[in-house]
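Biologist: I am new to this structure and would like to learn how to read its charged pairs and its helices. Could we go through them one at a time?

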Amino acid sequence: MTEKKCPQCSSILECGVDQGTCWCFNIRLDQEALKNIREMYEDCLCKDCLTRFETNVVNQKI
């Protein structure tokens, strides 16, 4: 696992994408949400922030 900092809230998260398995694989996002995430962030979001996209309850920081 790789330790990363969430670009949305600055929480520390564990990323397992490089190992082929990560908690984020279980988050279901529609195409619009995925597009928005990719446009706004260059790196992984923590589970709390990513889940907000899944449920469409995002408090965006501008």
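Biologist: Is E39 buried or exposed, and which residue does E39 form a salt bridge with?

Modeller: In this predicted model, E39 counts as exposed because its relative accessibility is 55%, above the 50% cut-off. As a general idea, side chains of opposite charge can pair when their charged atoms come close. Here E39 forms a salt bridge with K35, and the closest N and O atoms are 3.6 Å apart. K35 is partly exposed, with a relative accessible area of 44%.

Biologist: How many residues apart are E39 and K35 in helix α1?

Modeller: An α-helix has 3.6 residues a turn, so residues three or four places apart point the same way. E39 and K35 are four residues apart in helix α1, so about one helical turn separates them.

Biologist: How many salt bridges does the structure hold, and which side chain meets that of D43?

Modeller: The structure holds two salt bridges, and in one of them the side chain of D43 meets that of K4, at 2.9 Å from N to O. This pair links distant parts of the chain, since D43 lies in the loop between α1 and α2 while K4 lies in strand β1, 39 residues apart. D43 is partly exposed at 39% relative accessible area, and K4 also counts as partly exposed, at 21%.

Biologist: Which residues of helix α2 are buried, and what covers them?

Modeller: In α2, which spans residues 47-54, the buried residues are C49, L50 and F53. Seen down the helix axis they fall within an arc of 95°, so they line one face of α2. What covers these buried residues includes α1, residues 31-40.

Technical notes
Residues numbered from 1 in each chain as written. Predicted model: local features only at pLDDT ≥ 70, side-chain atom pairs only at ≥ 80, totals over all residues. Heavy atoms only, no water. Buried < 20%, exposed > 50% of the residue type's maximum accessible area, 1.4 Å probe, protein only. Helix = DSSP H or I, 4+ residues; strand = E, 2+ residues; numbered from the N terminus. Arc of directions from axis to C-beta. Contact = heavy atoms within 4.5 Å. Salt bridge = Lys/Arg side-chain N within 4 Å of Asp/Glu carboxyl O.
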